[in-house]
Amino acid sequence: MSQVETQAVGYELIETPSANNKVAALWMQNPPVNALSKSVRVGLIEHLNAAIADESVDVIVISSKQNLFSGGADISEFSGGDLEPNLPVVLDVIENSPKPVVAVLNGPAFGGGLEVALSCHYRVTFASNKVGLPEVNLGILPGAGGTQRLPRLAGVQQALDMIVSGRPVAAKKLPGVFDVVVDSPETLLSSALAFCEKVVAEGSKVRKTCDVQIDVSTAPKELFAQYRKGLATQARGFFAPERCIQAVEASVELPFAEGLVREGELFMECMRSKEARAQQHFFFAERAASHVKDFDKETPVRDIKTVGIIGAGTMGGGIAMNFANAGIPVIMLELKQEALDKGLALIRKNYENSAKKGKLTAEQVEDRMALLTGSTEYAALSDVDLVIEAVFEKMSVKQEVFKALDAVCKPGAILASNTSTLDIDEIGEATKRPEDVIGLHFFSPANVMKLLEVVKTSKTSPEVIKTAMKMAKKINKVAVLVGVCFGFVGNRMIEGYGREANRMMLEGGTPEHIDKVIYDFGLPMGPFTMGDMAGQDIGAFVRESRREFIKHDPTYCILADKLVEQGRVGLKAGKGVYLYEAGNRKPIPDPSVLELAKQVAADLGVAQRDISDQEIIERIIFPMINEGALILEEGIAAKSSDIDVIYVYGYGFPVYRGGPMQYADEIGLKTVYDAMCKYRDELGEHGKNWFEPAPLLKKLAEQGKRFADL
Ligand code: T1G
């Protein structure tokens, strides 16, 4: 066996089991995910040509030395890498090889990785292996023949679903794509070599995917129209999904070569879109959130074998489920057995609902419930490695809990608070171990929302921070490290959202207009609908705790407070800013609310006027961005992309805008700065109080820089 190493593709000559044939094995080895960087593309072409020229070689195999086949094109090259030779050129060499080329998928193949396999003449893998074309999640579409080859092998409907959704599919569900599907990875290579022998023995002409005819029975007449209808709800505001449909349509309507050209045109249309920039920004932002400067490779990580949760209410129960889902035992603590029983029963109900939807088996429900025990005694927590309190949001209550925990928990146990606004430094002062105190701010529902704000205090040790960040990944959360301030990052930035909505209603805006503009901007719902869903009394509670902060301009609170005083606390009461029919969540505008707004405005001397869509967006989104700039200046968030991750995962900010800070970079910080100055100067006292641009925003705007340049 001779092995010729080149940059990122190994070359090895191996024999088939009967030693009758020689196989040239091309091993991709470009850690961590075998991205098809230039070195891989050059290596593949070089070794393909060498294997084709080597008369002793009968078959060529392309596979991987990594634990996956390939994660696709190198996304980091999109912003200006050297794309020559581009991937379609490589696939052309593969498909036109005179010798059979067999793709041996030893692990997942995504995007261009699957496209490499599709351009081979044969494909071998194992049943549970996953493959997919997730380019749509990056705001683009498969740009190396995937939209033309996959429909030919998997059928049009299956291909359309994979390309428009971006979801991976198990190989066993793609019989038309794979020639051999073995049960387990262990027998993959030997089976693949045996298959190579068979291919050579048959001596047939190599089978090119581009020559496979589309099976039109897999493209029912209404298929594309149905998909387009679905986009309106599932892909509202996205740019790429429609173009994915057009590309697959081309595979049915055009010959292969023309279909490839059409795919290329649509690919470039997507690549040039601001949505693609935003979604590719977000791909790296999500991963960069785990790269923090607060610890390094040498910092130890504590083992989290068991967890205590204080409070078995909605939040405590949801938090506990995350750990049970990850196989980590949980001891739940409530001072009253009844509350404990109620909490555990609610968890069971949640799991049984998942089982009814087919997401869990009955056995899995029991396995998870078996990991959840409870006690009414703090002593039960003496040996846990991490405790998370989710008790009433009041400082004195939290400090009492931490004092008790400090007395019973073993040395080295991490004490975490789930508080969403309180000062965790102050909570930690109730213990003798402030270096072991941290915030773990879960978002409700805690067992569903992926975002976790990990809140470090001024005393939290690097070891505890690193342990918390690693633990978050284990319970399938996207963790963002933030500092201590009121509302940390997410809730601090959302404050302006409700404030400006209320203020604009005073100034003549209507809830339904304001909500529609923000919904059309891409948020899951507008501020008034959100307030009614969450409960207007929650908003009043937060305003009450912020009286000090907002005393200088309470105008925007008066209307909201009056509604709460009238019992209009939202959906749960059948009336809030909107009215609700029993059992129906559809908000119904209520003229009496506008009357009340008019009256409060008159009392305050606030002139009423029509408010434009643009002003609504600027006054609700720009203060959020401005607060983000202050947060960056104060070091509460380490980088602007962390803020984007918090807003997309925690508040439903549209990923096709990349998050509030990416959106600001896209429209230009000068645009944001100038608008902030305009409202500061034109909205009287209210403008002066709330629209003063952050110094960092001013500086970057003047320098023509972006938040991403920090
Ligand atoms: N390009 C560049 N870097 C990538 C990458 C990629 N395709 N995939 C991952 N990385 C980096 C990632 O940023 C992280 O870096 C590290 O690798 C580990 O990633 C022509 C144009 C493959 C399932 O969309 O889904 O092909 O943070 O933490 O959890 O049609 O990575 O360590 O510095 O995610 O084991 C299409 C994207 C590309 C797949 C592995 N492919 N990747 O998950 O590791 S476009 C994708 C993933 C394309 C063609 C088109 C996942 C993974 P760092 P990770 P993981």
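Is Ala-355 buried, partly exposed or exposed? With a relative accessible area of 24%, Ala-355 is partly exposed (buried is under 20%, exposed over 50%, partly exposed in between, with a 1.4 Å probe and protein chains only).

A quick word on the ground rules: this is a predicted model, where local features need pLDDT of at least 70, side-chain atom pairs count only at pLDDT 80 or more, and totals for chains, interfaces and linings use all residues. Residues are numbered from 1 along each chain as its sequence is written, and side-chain values use heavy atoms, leaving out hydrogens and water.

Back to Ala-355, which sits in helix 12 (residues 337–356); helices (H or I, at least four residues) and strands (E, at least two) are DSSP runs, numbered from the N terminus. Setting aside neighbours within four places in sequence, Ala-355 touches Leu-360 and Val-365, where contact means heavy atoms within 4.5 Å. Gly-490 is 135 residues away along the chain, with 32 Å between the two C-alpha atoms.

| Domain | Residues |
|---|---|
| domain 1 | 2–270 |
| domain 2 | 307–482 |
| domain 3 | 490–709 |

Taken over C-alpha atoms, the centres of domain 1 and domain 3 are 46 Å apart.

An unreviewed UniProt entry annotates residues 306–483 as "domain: 3-hydroxyacyl-CoA dehydrogenase NAD binding"; such annotations may be inferred rather than shown by experiment. That stretch is 41% helix and 20% strand, and its end C-alpha atoms lie 26 Å apart.

Over in helix 20 (residues 536–545) you'll find Ile-538, which is partly exposed at 45% relative accessibility.

How values were computed. Domains from an automatic or database assignment.
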